[in-house]
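Hi there,

Here is the structure I promised to pass on to you. Please open it alongside this note, and have a look before you read on.

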Amino acid sequence: MVSIDVWNASVEFPIFDAKTRSLKKAVLGKAGGKISSDAKVPVIEALQDINISLRHGDRVGLVGHNGAGKSTLLRLLSGIYEPTRGNSRVVGKVAPVFDLGVGMDPEISGHENIIIRGLFLGMTRAQMEKRVDDIADFTELGNYLNMPLRTYSTGMRVRLALGVVTSIDPEILLLDEGIGAVDAAFLERARDRLNDLVRRSGLLVFASHSDEFLMELCNSAIWMDQGRMKMQGGLREVLTAYKGHDPFQNVPQHVLDRLAAVGGSA
Amino acid sequence: MDHWQASANPPVPSLTVQSPSTVEQPDQAPPVPSRSFARARQDLTQGWRNRQLWAHLGWQDIKQQYRRSVIGPLWITISMAVTATALGILYSGLMGQPLERQLPYVAVGFIVWNFIGGCVNEGANVFIANEGLIKHLPAPISVHVYRLVWRQTLLFLHNLVVYVAVLLIFPPWNYGGHISFSMLLAVPALLLLMVNGLAVSTFVGIVSTRFRDIPPITGSVVQMLFFMTPVAWIYDSQLLHNSPRVKYAELNPFLHYVEMIRQPMLGQPIVWRHWYVVLVATVVLTGLAAIFLRNYRARVSYWV
């Protein structure tokens, strides 16, 4: 049973500037017996008083302005950051999709990158070998898969990364926005795969500014504001409060139909 | 999610009529606090379970370095052969030793030193260099340490070709050694070196992630230790025998690490003193690494 529990968690980043981030202050500061008032490292309080409990089947959207703490919260939920205060517990295999480029090596072939990226996302080599053909079909990269990644265009890299990411079987899927940057026709196909991926995963947390994506993938939401959880509840409720109007009101009928179909088949 | 379809009725389908996703918060506190030896051990065991990943990456690192070169990683072996030959000839002249003794001594010493120095030097950057991975993918930090030691081990194995060649050209019985089963002690000696490699790169890695002045310091310290440790020079040779400073050489723990594995590799009689010193040093070093892993494991992703 996958679950994420966070109790009263805070995430605070110490900011070491060039001077404090050295032994000089730590050593000389003590030796001299004089510690200046600014000797203490400044701290950015990125997240405060976070209480979350998620279980299998939850599909949570994260909304909030830039810098509200959405990405940091995703990293907290993935276990990358352990809270500086409070506690957290993550049970299940986490597949974070924050940055499509991470773990991709420009000097090795697309095929090798598929394997490595898969290993990074918690798959085994054998599992990834089985998926290579499927990924090749989806990305339409053909023989390019045998070429080094540095010969790829930006769009081709995104295709490859999306192909790999959407081929895995995650228990906990954490998606950060900014997975666009591909042509519209491809995005349509990526959308299908993304929906499949979300359906396969046991638990989804998705940070996005796109109402449409949120409505498609999520059923509840958390509104982050200045590092705190401002609101938590049903997606419509939270989006309405966040946007100041009901986003579902202006959605065209055919989109609603599709959303309903997606939800129904899940 | 059947309710989605059920509720998808005009006029405005309410797709979100359902309870918030969060179930009741369990009351109990989490079982294991973040700063504990249990979590540190968990980091190590989970990292070990990821060995398919770091084994692959370790290989990749080596192949990467020689990509597009025709003979590839064979260059590792060739450059080691060239260095060992040059140092062997130089020091046999300097020390007044016969080449058949000095060259195997230097060759093995240098191969071993490459491993030790590599673990310390690259250990200083083990987390800094993997900043992107640490910040984007939740993985035990030990994965990066295993990858480093594995890469160094692979380099060591490449260099063993030079060792075998040297042994064939200058067989051990020319300089007071002989082929025997005690040469197999090189295997546990290498394992001990690997354990120490894990410990030292964990420790140095964590400290240098916090204090960025450490990597350049380790660089010069390792360079200095290379000259202070009898890697190329023979510390109990006739030439140095009367020098009063030689007796201080044994205070250098690196001497014992090098001798522990060099003696069996060259078929020399085993001096157990080196093993005892290394065992004690290993306990101290792994203890230190364990304490740092316990206290600062969770801080690494904040510091990188």
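Below is what turned up, taking a helix pair in chain B and then a sheet in chain A.

Please keep in mind that this is a predicted model.

**The helix pair**

In chain B, helix α8 (residues 186-210) packs with helix α11 (residues 253-265) at an angle of about 155°, and their axes are 8 Å apart. Because of that angle, α8(B) counts as roughly antiparallel to α11(B), the cut-off for this being over 145 degrees. Their crossing is left-handed.

Which residues make the contact? From α8(B) come Ala186(B), Ala189(B), Leu190(B), Leu192(B), Leu193(B) and Asn196(B). On the α11(B) side you will find Tyr257(B), Met260(B), Ile261(B), Pro264(B) and Met265(B). By class, the contact holds 10 nonpolar residues, 1 polar residue and no charged ones.

**The sheet**

Over in chain A, 3 strands form an open sheet with antiparallel pairing, in the order β2-β1-β4. The edges are taken by β2 (43-55) and β4 (85-91) of chain A. Each of these has a single partner strand, so one side of each is left without a neighbour in the sheet. On average, neighbouring strands here are turned by 25° against each other, direction ignored.

How many bridges join β1(A) and β2(A)? Strand β1 (residues 3-14) of chain A pairs with β2(A) over 9 bridges, in the antiparallel sense. If you want one place to start looking, Pro14(A) has Val43(A) of β2(A) as its bridge partner.

Definitions and conventions. Residues numbered from 1 in each chain as written. Chains lettered and ligands numbered in written order. Predicted model: local features only at pLDDT ≥ 70, side-chain atom pairs only at ≥ 80, totals over all residues. Heavy atoms only, no water. Axes fitted to C-alpha atoms, helices over the stretch in contact; angles between N-to-C directions. Helix = DSSP H or I, 4+ residues; strand = E, 2+ residues; numbered from the N terminus. Parallel < 35°, antiparallel > 145°, perpendicular 65-115°, else oblique. Left-handed = near helix turned anticlockwise from the far one by under 90°. Contact = heavy atoms within 4.5 Å. Nonpolar A, V, L, I, M, F, W, Y, C, P; charged D, E, K, R; others polar. Pairing = 2+ DSSP bridges.
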